[in-house]
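The following exercises concern one structure and are to be worked through in order. Each task is followed by a solution in steps.

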Amino acid sequence: MAEITLEKVVKKYGAVGVVHGIDLSIAHQEFVVLVGPSGCGKSTTLRMIAGLEDITGGLVKIGGQVVNDLPPRKRNISMVFQNYALYPHMNVRDNLGFGLKIAGQSPAEITKRVNEAADILGLAPLLDRTPAELSGGQRQRVAMGRAIVRNPDAFLFDEPLSNLDAKLRGQMRAEIKKLHQKVKTTVVYVTHDQVEAMTLADRIVVMKDGHIEQVGTPMEVFNHPLSTFVATFIGSPPMNLLPGLIEGSTVRLADGTGVPVPDRLKQFVRDGMAVQLGIRPDDISPVGHGLSQDGPGAEVALTVDLAEPLGMESLIYTRLAGQEVQAKLYGPRIVQPGEVLTFRLALDRAHLFDAATGKSVRVQ
Amino acid sequence: MTVSVESRASKQAKKVALWLATFLLMLVMCVPGLWVVLSAFRPNREILAKPPVWVPEELSLVNFGKIFGFGAEQVGIPVGSYFTNSLIIALTSTVMALIIGVAGGYSFARYRFRFKGGIFLGLMLFRAVPGIALSLPVFMMWSRLGLVDTKLGLIIVYVSLNVPFTIWLIDGFFRQIPQALSEAAQVDGCTRWQAFWKIEFPLAKSGIAAAGVFAFLTSWNEFALASQLTRSTDSKTLPVGLLDFTAQFTIDWAGMCAMAVIIIIPALILTFIVQKHLIAGLTFGGVKG
């Protein structure tokens, strides 16, 4: 059993705080992704779990044991680094077996486990090559092999795919997911890429400025963002945010347009509240080219400023209530700038955030 | 057609000119060395002949026999002692400069500490001071400490001459090695110390070897300070020993050249041995920056 628990974990470099007391509990065999923009403290948090950074305050527990003062080698974790960190002077076989050798395993055992790991990752033909003779994806795979060969309590991934090109990144993402399904070990994975977070995670931890903004399953975080930050960070393209004022059960937007408050949010708003109406591009679509055509909605004619065709869908830039918004058209229809289309806004899926705090009205 | 022939001709001419320039440059650099080596195998009268004898008429090992005390003619110079002194002093000071250089270079590359920039600058400035400018103060200190005319005295001087350079060079090599490698090793089960010896040290080997060759050659060839600080066969090194061939009115060029060859040979051998370790590039490929 290797659950990982962080209790009020703080990291400071001198007077500068990087992580401000975060609480997080990661279940055994869970795949948790820490995601956030650069500088949000996600890598630092991972490195504190690994033991590569001192913990300024709070507790880190692995498998129930406080590990604050244990060196990395005593935490029984393995880590995949952003730049792979393969040992350049050793071939793939020795890279994979290094940890086992240090642990004093017998040569026969090392060979057996290295071969097992190599089979899982398709590295068998590469065992005698040096890292310099491998492609980016192969290096990445060796780094993963080095992580699994020791059979650790947890894997830590520090932006492992950010050095790969887009196509390879997609492949390796799938391989990491498959690997996790096969070896079923607790995983803490750091990335700034929300697509990786959405596709890989059992639970996503969205971080900002050394705080945790929201923890939840990918769908929770996507469907019920607790702040404008999460709303715009998760999901691509980001959610549109339109400032407005609550008037009874209507959101009055900047240009005077009234939008009904979604039923599920009515209990959370009060008259005169300054809010931001959040609506995803997927929920603003030309009539007949949207995701959902039922449920409460509003129809409005808008002029297309710019259209980016993506094949089976197009991203449309238009103006709503005096503000630029992005909308999405599903289907292989070519749209020209200047064209006026009737858009349907799926208002039941809209979000409301307190304009002052940026928090969802649901958490006020 | 004619144009291409012409351009080919001009290309050819350029190539020839380039070769000629290279040849002349190499000639300037190599002839003195060649002359020393040739003179080591020629009798004094041929060396001193006027006009000079360009192509040697007789070559022999007599000069070497003389300085080592074989054969009819002998020169009373204890080349053997000088050689041993030189070897002990150069090797010991090199090893010490490397130990300090590795420790210092690693610290500068990996750790943050107070006055780091200032200390590094200080080391570099120390390097800029000509050694001979220090000879008088060093001589005065060494004479009080009883270190004049001892191997230890010279070793200390050479270590302090070489350390700034070895630190600077080795620091650069450790800097090239990504810190993630040592971290990966620690996660893999190494202590900090093991991670250093098993991962970082092997990767910096070429830099350490280069620093070693440099330090050895500096100590091996150094003349100015050694001539001040040594007196007898207890501590005199080969370059200082060369002076023994000068008498009040004569200079034994043949013997001097033979001894110069003896000085050159170990340096050449060492450089050849270490050369293959000097090939950098080992650190590339393991990580992607």
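A residue counts as buried if 20 or more other C-beta atoms lie within 10 Å of its own, the C-beta atoms being placed from the backbone. The model is predicted.

**Exercise 1.** Determine how many residues of H4(A) are buried, and what covers them.

Solution. Applying the cut-off to helix H4 (residues 136-148) of chain A gives 10 buried residues out of 13, so the helix is largely enclosed by the rest of the structure. Among the buried residues are A:Arg139, A:Arg141, A:Met144 and A:Ile148. Their cover includes strands S6 (77-80) and S7 (154-158), together with helices H2 (92-102), H3 (107-121) and H5 (166-183), of chain A.

**Exercise 2.** Describe the packing of H4(B) against H9(B).

Solution. Two packed helices are described by the angle between their axes and the distance between the axes. For helix H4 (residues 79-110) of chain B and H9(B), the angle is about 145 degrees and the axes are 9 Å apart. Their crossing is right-handed. Contact residues include B:Ala90 and B:Ala97 of H4(B), and B:Ala211 and B:Phe216 of H9(B). By class, the contact comprises 10 nonpolar, 6 polar and no charged residues.

**Exercise 3.** Characterise the side of chain B that touches chain A.

Solution. The contact takes 25 residues from chain A and 23 residues from chain B. Helices H8 (179-187) and H9 (192-221) of chain B each supply at least two residues of the chain B side; the largest share, 6 residues, comes from H8(B). That side divides into 12 nonpolar, 8 polar and 3 charged residues.

Definitions and conventions
Residues numbered from 1 in each chain as written. Chains lettered and ligands numbered in written order. Predicted model: local features only at pLDDT ≥ 70, side-chain atom pairs only at ≥ 80, totals over all residues. Contact = placed C-beta atoms within 7 Å. Helix = DSSP H or I, 4+ residues; strand = E, 2+ residues; numbered from the N terminus. Nonpolar A, V, L, I, M, F, W, Y, C, P; charged D, E, K, R; others polar. Buried ≥ 20, exposed ≤ 12 C-beta atoms within 10 Å, placed from the backbone. Axes fitted to C-alpha atoms, helices over the stretch in contact; angles between N-to-C directions. Left-handed = near helix turned anticlockwise from the far one by under 90°.
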